[in-house]
Structure formats: C-alpha cells, structure tokens
Amino acid sequence: MPHKCTKCGREYKDGSTEILKGCASCGNKKFLYVKEDQLNRDVLEEKTLQEIAVESKEEVLEVIEPKKKTKEVEMYDRVETIRIVSPGSYELNLEKMAESDERIVSVGREGSYIIDLMSMTKDEPKKKGRKK
Amino acid sequence: MGKMKKKFSGFVARFFKKKRTRIGIYGPPNAGKTTLANRIARDWTGDALGPVSEIPHETRRARKKEDIIISGANGSTVTIDIVDTPGVTTKVDYHEFLEFGMEKDEAIIRAREATEGVAEAMHWLREDINGVIYMLDSSLDPFMQVNIMMIGIIEARNLPVIIVANKIDLPDAAPGRIRSAFPQHPVVAISGLDGRNVEDLYETMLEYFG
C-alpha cells in the first residue's frame, strides 16, 4: 500500500525509500499511508490529506533528519565545568575551568546541575603585576 | 666553598628580587611531571615533592616547593617556586584504573579526586602561576586535543612556557615530533628519570623565567 505526500499529493509506492529524503516534488517531509482502494479519495471527495488522515486514523509519518554526531564539539559549548557521566566517570571542560572558578557540575543525562556556591563567594583574584 | 657561595647568592637574590617566579609544571597524566619536580627539588634543595607511579593521576593535589634557587653556568640565578600539578585531561574514567589491578571502590575515589585535581590545577593557572613548564611524553603523539587546548590557554594568559619533551630514555621517543608540533615555544628534550639533558632545561629556565 502506498504513501502520499500530505502537501502535494504525490504518490509513492509502498516500501519506497525515496520518501526518506522528503517529497521529490515539493520537499515536504510528511507522508500519509493510504489504502490502495482509497488512493484517490482526496481528489474525488475534495478533501485534504490531513482530513483523510483523521478519518482513516492513519498516522502521518514524518521524516526526521538524522541527528548529527557532534558530541565532542557540543561538549565545549556546554555550561558545566565538570560533567558526571556516571559515578567515577567525568568529562572536564578545561576552557570553562580556565575562565572562572565557578564549579558547575551536571549529573547524568537529565541535565541536573550542582553549583558550588562557596567557590563563587570568593573575592575577585587580586590583580598582580606580571613579570615579563 | 661552593655551597657557601650558593647560600650567599640565594641570600642576595632573596633581597634583590622583587618577586619570585612561580612555575607550574603542567601536562597530561603520566607525562612525568612529579618525576621532574622531584629532580629539580633534589638537585637544588636536596628535597622531594611527592610520590610517583605508573598509574595515571597519582598526583591529585597540587604540591609546591618554594625558594628553589637555580644557578646557571655563567653564575646567573633565578629563584622559583615549583608547583607540581595534577595531570590535566578532558576525561577521567575509573575503568582506566581497574586495568592496573585497582579495586572498583578505590578507582572511583581516585577518579573523583583526579577530577578535583584538574580543577585545582586550572585554578592555579588562573591565579598564581607566572610561568609554565609543559611536559609531554615524547613517545606519544603530541597532537592531542588536551595539549593543543592547554597550550592555547597558556598563550592566552601570556605566560612564558617551556615545553619539555620527556622520556627520551624510551626507545620510541621522538622529541622531534613535539618540536614540530609547537614551533612557537622552546622545546627541551630530557629524561626526568635518568636526568639526561636536565642541565639544558635549567639553562632554558634561567633564560625564560629569570
């Protein structure tokens, strides 16, 4: 049974891998699964594919872009200085550590943070004359 | 007589130097930072700084030795404090320590302390360090993210830096790789373990930290 593009109505054969790149005509990423005998119902009954979707109770499929694997880069954009991946396993953000004394620790994957308030209450570091 | 002279020049130096130079020994874990710190301390004060081990992150607290007076061949001296810092890395995982036969509980504690140690090392770099000896194991690839990043951070702070290509006693040591990786900084190839070439390092320290 085929898929139809919800925007322009272009038909795609069942199991077509073409739709994974989005609709070849309009670039739309949403497709409705329609029964063979109802393939032209939208045109005949002058209904949008959204309406057909509601009536046929089929789910509109959406092509989702695969997530980019940029874990390393992301790490240094994060706010925390120390990330606890699991007990005994840590990721350290050296650049953040070099900038300030604030300890922001994130725990696990849920993004809960621990902020060391004591380390933030200290005075600004004294300005020292630097030797050449 | 030589000893007297050393003592006297130190005495003079203490009066005339406005400020001591505080040198931090930085680098990734297991580069030989403590071995070098111990050698410097032993050579010039007869003392040591801390224990060394083949298991990474043996040094988890920064250790400091003050008033080390280094004198060169031409009689010039420099008074420095040496700060031996914990190995700096972007990832600490206790599994690494298990391979050395450590118990899990002990390894997890070591990982936590090592993490705190990195934070402490970075704290020192921000506030109390006037110059850096950046240590690398010359048998390993110098183009590691942590090295590039640390050298960048040190440069951003305008700190004088000497790069030490350590472990030249190892058969696969290639200090040339380190030289070509960081051509903008002086690189001294030594063996902290057997003391090969450390005299060169002392001369370079006089030149850059004096």
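Predicted model: local features only at pLDDT ≥ 70, side-chain atom pairs only at ≥ 80, totals over all residues.
Chain B has an average pLDDT of 89, and 91% of its residues score at least 70.

The bridge is part of a pairing between strand β6 of chain A (residues 89-92) and β4(B), which run in the antiparallel sense over 3 bridges. Asp93(B), located in strand β4 of chain B, touches Ser89(A) and Ala111(B) when residues up to four places away in sequence are not counted. Asp93(B) counts as partly exposed because it has 17 C-beta neighbours inside 10 Å, a number that falls between the limit of 12 or fewer for exposed residues and that of 20 or more for buried ones. Asp93(B) also lies 8.1 Å from Ile108(B), C-alpha to C-alpha, with 15 residues separating the two in sequence.

The contact between the chains draws 25 residues from chain B and 17 residues from chain A. On the side of chain B that touches chain A, β4 (91-93), α4 (104-127) and α5 (145-156) each supply at least two residues. The most is given by α4(B), with 12 residues. By residue class, this side of chain B comprises 13 nonpolar, 6 polar and 6 charged residues.

Chain A contains 5 helices and 8 strands, arranged along the sequence in the pattern β-β-β-α-α-β-α-β-β-α-β-β-α. Of its 132 residues, 18% are buried. Among contacts in chain A between residues at least 6 apart in sequence, 36% join residues at least 24 apart.

Within chain A, strand β6(A) also pairs with strand β5 (residues 82-86), in the antiparallel sense and over 4 bridges. In this pairing, Arg83(A) has Glu91(A) of β6(A) as its bridge partner. The two strands, β5(A) and β6(A), form a hairpin with 2 residues between them, and Gly88(A) in the turn has a positive phi of about 90°. A further pairing joins β5(A) to strand β7 of chain A (residues 104-107), here in the parallel sense and over 3 bridges. Ile82(A) stands opposite Val105(A) of β7(A). Strand β7 of chain A also holds Ile104(A), which counts as partly exposed because 19 C-beta neighbours lie inside 10 Å. The C-alpha atom of Ile104(A) is separated by 7.4 Å from that of Val79(A), although the two residues are 25 apart along the chain.

Helix α5(B), one of the elements that supply the side of chain B touching chain A, has 12 residues, which should span 16 Å at 1.5 Å a residue; the end C-alpha atoms are 16 Å apart, in agreement with that value. Its buried residues are Asn147(B), Met150(B), Ile151(B), Ile153(B) and Ile154(B). These residues cover an arc of only 160° around the axis, which puts them on the same side of α5(B). On the other side of the helix, Gln145(B) and Ala156(B) are exposed. The buried residues of α5(B) pack against α4 (94-99) of chain A, together with β1, β5 and β6 of chain B. Just after the helix, Asn158(B) adopts a positive phi of about 60°.

Helix α7 of chain B (residues 198-209) likewise consists of 12 residues; it reaches 16 Å from its first C-alpha to its last, close to the 16 Å expected at 1.5 Å a residue. The buried residues of α7(B) are Leu201(B), Met205(B) and Phe209(B). Seen down the axis of α7(B), these residues fall within an arc of 40°, so they line one face of the helix. An α-helix has 3.6 residues a turn, so residues three or four places apart point the same way. The elements against which the buried residues of α7(B) pack belong to chain B: β1 (21-26), β2 (63-71), β3 (77-84), β5 (131-137), β6 (161-166) and β7 (187-189).

Methods
Residues numbered from 1 in each chain as written. Chains lettered and ligands numbered in written order. Expected span 1.5 Å × (residues − 1). Arc of directions from axis to C-beta. Contact = placed C-beta atoms within 7 Å. Nonpolar A, V, L, I, M, F, W, Y, C, P; charged D, E, K, R; others polar. Pairing = 2+ DSSP bridges. pLDDT = per-residue confidence, 0-100.
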